[in-house]
Amino acid sequence: MRIVIAGGHGQIALRLEQLLSARGDEVAGIIRKAEQGDDLRAAGAEPVLLDLESASVDEVSARLQGADAAVFAAGAGPGSGTARKDTVDKGAAVLFADAAVRAGVRRFVVVSSMGADPAHRGDDIFDVYLRAKGEADAYVTRQEALDWTILRPGALTNDAGTGLVRLEAHTGRGPIPRDDVAAVLADLVETSATAGLTLELVGGSTPVSVAVKSVAGN
């Protein structure tokens, strides 16, 4: 498969790129800064320089031509203000979805956040973030030309992955290592039977491959 990842230099994305390239997939990661390219190459991915906050749909669509799947893993980050929650966490996700539709890339996986909700109340930074992610997810789910899956991990940690997770429509809150999020994403990308599902993910007792097959109905 050829897989294009938005937010290619993110902590989850770099792990995902390594997993995908190790299994023989062709991986490209969209980045904003040229100096991030070496980290992607080290992970086995092709760096694609493009700013999703200023790019046009046509520009992003051109980078998606020929891809079998697209993964949105971009985020404004914890140090960003409310404006960038709208331009990145929402705006870039909408742009990437529109570009995937235009490029004819059906498989579309989103790294969202537990608690994402377009109707989430509050004015704190995290409230704005959850609302932006919820609005982006809602937009993606309305795109009939996409075989979308929304993944909403719990509290992300840098602990070593265990390969054991809980992956369900509703899991309740809990931590999850980024290693395990990447492993789940790698399986979801090639499991189109999970299209149309919004899934929560926390640490658990089920092996990743079994958990993904279970939600896919296998």
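Which residues of strand 4 (residues 69-72) are buried on one side, and which on the other? In this predicted model, Ala69 and Val71 sit on one side of the strand, while Ala70 and Phe72 take the other. All four are buried, so both faces of strand 4 end up covered, given that buried here means under 20% relative accessible area.

Strand 1 (residues 2-6) runs parallel to strand 4, and 4 bridges join the two. Within this pairing, Val4 has Ala70 as its bridge partner in strand 4. Strand 5 (residues 107-111) is likewise joined to strand 4 by 4 bridges, and these two strands run parallel as well. Here the bridge partner of Val71 is Val109 in strand 5.

Turning to the helices, helix 1 (residues 11-22) packs against helix 6 (residues 178-189), with the axes 8 Å apart and an angle of about 50° between them. At that angle the two helices are therefore oblique to each other, and their crossing is right-handed. On the helix 1 side, the contact is made by Gln11, Ile12, Arg15, Leu16, Leu19 and Leu20. Helix 6 meets them with Arg178, Asp179, Val181, Ala182, Ala183, Leu185 and Ala186. Sorted by type, the residues of this contact come out as 9 nonpolar, 1 polar and 3 charged.

Two single residues are worth a look too. Ser61 belongs to helix 3 (residues 57-64). Its relative accessibility is 3%, so Ser61 counts as buried, the cut-off being under 20%. Leaving aside residues up to four places away in sequence, Ser61 touches Ala99, Arg102 and Ala103.

Ala34, by contrast, is exposed, with a relative accessible area of 54%; the cut-off for that label is over 50%. Ala34 is found in the loop that links strand 2 (26-31) and helix 2 (37-42). Along the chain, Ala34 and Val48 are 14 residues apart, and their C-alpha atoms are separated by 8.7 Å.

Key: Residues numbered from 1 in each chain as written. Predicted model: local features only at pLDDT ≥ 70, side-chain atom pairs only at ≥ 80, totals over all residues. Heavy atoms only, no water. Buried < 20%, exposed > 50% of the residue type's maximum accessible area, 1.4 Å probe, protein only. Pairing = 2+ DSSP bridges. Axes fitted to C-alpha atoms, helices over the stretch in contact; angles between N-to-C directions. Parallel < 35°, antiparallel > 145°, perpendicular 65-115°, else oblique. Left-handed = near helix turned anticlockwise from the far one by under 90°. Contact = heavy atoms within 4.5 Å. Nonpolar A, V, L, I, M, F, W, Y, C, P; charged D, E, K, R; others polar.
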